[in-house]
Amino acid sequence: MANDIHDILDELQGMIETARKLPLMNTYTMDREALLRVIQQVRDALPEAIQDAHRIKTQEEKILQDARRQADNTLAEAEAKSRKLRMESEQRAALLQTNAEQHANETVENAQEKADEILVSADREADARVAQSAITMRAEQAADALRIKSAEEAEHVKNAAYDDAADLLKRVEEVVIQIANELYAARKDLESER
């Protein structure tokens, strides 16, 4: 079997470097038979070197294909995980928002009912007082004052209910924003893993 091409070339280089220089001339003498023998060895080794190069190239292509396949699989898994995480987060956010809106509506409705009850009760009490002392200004003034006070109390209850509902919706908005930030961070993590 032919020697390694690099060993043969090293031998040829050694022959050239050790060649004798003729006096007064820029000419060197070498062993013709030895030089021809080394050239033949180069010819014999070339096919094997070419086969080695082809084999190395084939191995490199296979490694690249495997790497591409693995990268594609990793990307597909990351995208599937990202879609699942996004869908779950969106469902969570939608459920939180629905519950918050329902609670806020119930709070406002309860406050409105309570305010209406206060107004009805105040009207009844005022009417009763006026009926009992219709002939006196004092009864009318007391009834008016009671109506005003009741209306203020009812407005206060209604405003408190609206404030509670607004605070609840604000907290839900913060939760939704937090979930969106978590989704963004998860996507960045997945992209950095690619």
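Mentor: From the N terminus on, the elements run α-β-β-α-α, with helices (H or I, at least four residues) and strands (E, at least two) taken as DSSP runs numbered from the N terminus. The radius of gyration, taken over C-alpha atoms, is 48 Å, well over the 16 Å that the globule rule (2.2 Å times the number of residues to the power 0.38) gives for 194 residues, so the protein is more spread out than a compact globule. This is a predicted model, where local features need pLDDT of at least 70 and side-chain atom pairs count only at pLDDT 80 or more, while totals for chains, interfaces and linings use all residues. Residues are numbered from 1 along each chain as its sequence is written, and side-chain values use heavy atoms, with hydrogens and water left out.

Now the patches. Arg83, Arg86, Arg187 and Lys188 form a positive one, and α2 (32–132) and α3 (137–193) each supply at least two of its residues. A patch here takes residues with over 30% relative accessible area (Shrake-Rupley, 1.4 Å probe) and no salt bridge, joining like charges within 9 Å; a salt bridge would be a side-chain nitrogen of Lys or Arg within 4 Å of a carboxyl oxygen of Asp or Glu.

The negative patch is made by Glu106, Glu109, Glu113, Asp116 and Glu117. Of these, Glu113 is found in helix α2, and its relative accessibility of 47% makes it partly exposed.

Notes: Patch = residues over 30% accessible without salt bridge, like charges linked within 9 Å, V, L, I, M, F, W, Y side chains within 5 Å. Lys, Arg positive; Asp, Glu negative; His and termini not counted. Charge placed at Lys NZ, Arg CZ, Asp CG, Glu CD. Buried < 20%, exposed > 50% of the residue type's maximum accessible area, 1.4 Å probe, protein only.
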